[in-house]
Each structure stands twice: as structure tokens, then as C-alpha cells.
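Please read these notes with the model open beside you. Take the points in order and find each residue as you go.

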Amino acid sequence: MNTPAPKGAKIELYEPRIYSDAKEIGRNLLSNTAVLVNFTHLEDEDAKRIVDFLTGVVFAINGEIKRVGDQIFLVTPANFEVSGALAGKLQDDFNTNSAN
């Protein structure tokens, strides 16, 4: 069970341009700072590599990674609680657009 986020907890915003930007995102997670990552300025291959890297980081720190947009992920350390059904909404939108 995750403990509540400390008072004054922050969410950093990142738009990585190259794969090595993943290190800074990982450092924030290790410092118990959540990160919202926008991959719109990155090639799909590099975005996938960063998501794979961040998945390993969140596993190691008992955090979470959630897709909150087409190319946007919320990555949180163990002390953050994320709730809601946005992922279902995205899947519904995807299925609707694919049918057209």
C-alpha cells in the first residue's frame, strides 16, 4: 500500500528530445518526485526505449507508470496515489477512431 504523498509534493514536466534524457527523469523518481512525460518531440523507437527504462525504474522503487494521453505518461514514485479511469477513456477513443 502506498503512503500519501508528502505535503508540497511536486510533479515535474518533461519533453525528452533524446534517449539520454531518461536519466534525469529517473533521478526525479528516485528523489520521490512524480514526472509527467510528453513524448511528442521524440521518435517512436526512442520513446519506447525510455518507457522501457522507466518501467524498470518504477518496478525497482515500487512506483507506477500510467498512460494519460496518446504520447503522455505519468510516472510516480511509491508515495503517490493515482486514481481514475482515464485509460478506459483512451481505449474507447482508440476503438472509435479505428472503426472509422
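This is a predicted model: local features need pLDDT of at least 70, side-chain atom pairs count only at pLDDT 80 or more; totals for chains, interfaces and linings use all residues.

The points below go from the overall layout to single residues.

1. Next, the layout. The chain has 3 helices and 4 strands. In what order do the elements run from the N terminus on? The order is β-α-β-α-β-β-α. Trace this once by eye before going further.

2. The chain has 100 residues, and 29% of them are buried. Its accessible surface comes to about 6700 Å². Carbon and sulfur atoms hold 53% of that surface. Contacts tell us about the fold too. Among contacts with a separation of 6 or more, 53% are between residues 24 or more positions apart.

3. Look at strand S2, residues 34-38. Is S2 mostly covered or mostly open? S2 is mostly covered, with 4 of its 5 residues buried. S2 pairs with S1, residues 11-14, in the parallel sense. That pairing has 4 bridges. One of the bridges joins Ile11 to Ala34 in S2. Another has Leu13 with Leu36 as its partner in S2.

4. S2 also pairs with S4. These two strands run antiparallel, and 4 bridges join them. Find Asn38, which stands opposite Ile72 in S4.

5. Follow the chain from S1 through H1 to S2. Which hand does this β-α-β unit have? S1, H1 and S2 make a right-handed unit. Inside H1 sits Gly26. Gly26 is buried, because its relative accessible area is 4%, below the 20% cut-off. The C-alpha atoms of Gly26 and Ile50 are separated by 9.9 Å. Along the chain these two residues are 24 apart.

6. Two asparagines deserve a check. Most residues other than glycine have a negative phi. Asn32 has a positive phi of about 60°, yet it is not a glycine. Asn62 also has a positive phi of about 60°, and it is not a glycine either. Where do they sit? Asn32 is in the loop between helix H1 and strand S2. Asn62 is in the loop between helix H2, residues 44-61, and strand S3, residues 64-69. Asn32 is partly exposed, at 43% relative accessible area. Asn62 counts as exposed, because its relative accessibility is 53% and the cut-off is 50%.

7. Turn to the aromatic rings. The count comes to 1 aromatic pair. Phe39 and Phe73 form it, with ring centres 5.7 Å apart. Why is the pair called edge-to-face? The planes meet at 75°, and planes over 60 degrees apart count as edge-to-face. The pair links distant parts of the chain, 34 residues apart. Phe39 is in the loop between S2 and H2, while Phe73 is in strand S4. Both Phe39 and Phe73 are buried.

8. Another ring to find is that of Tyr19. Arg49 lies over its face, at 3.9 Å from the ring centre.

9. Thr76 lies in strand S4. Thr76 is buried, because its relative accessible area is 2%, under the 20% limit. What does Thr76 touch, leaving aside its neighbours within four places in sequence? Thr76 is in contact with Leu29, Ala34, Val58, Gly63, Glu64 and Val82.

10. Finish at Glu81. Glu81 lies in the loop between S4 and helix H3, residues 86-99. Is Glu81 buried or exposed? Glu81 is exposed, because its relative accessible area is 70%, over the 50% cut-off. Compare Glu64, one of the contacts of Thr76. Glu81 and Glu64 are 17 residues apart in sequence. Their C-alpha atoms are 9.0 Å apart in space.

Technical notes. Residues are numbered from 1 along each chain as its sequence is written. Side-chain values use heavy atoms; hydrogens and water are left out. Buried means under 20% relative accessible area, exposed over 50%, partly exposed in between (1.4 Å probe, protein chains only). Rings of Phe, Tyr and Trp (its six-membered ring) pair if their centres lie within 6.5 Å; planes under 30 degrees apart count as stacked, over 60 as edge-to-face and the rest as tilted. A charge sits over a ring if NZ of Lys or CZ of Arg is within 6 Å of the ring centre and within 35 degrees of the ring normal. Contact means heavy atoms within 4.5 Å. Two strands pair if DSSP finds at least two bridges between them. A crossover is right-handed if, with the strands pointing away from the viewer, the path from the first strand over the helix to the second runs clockwise. Accessible areas come from the Shrake-Rupley method with a 1.4 Å probe; for residues, only the protein chains shown count as cover.
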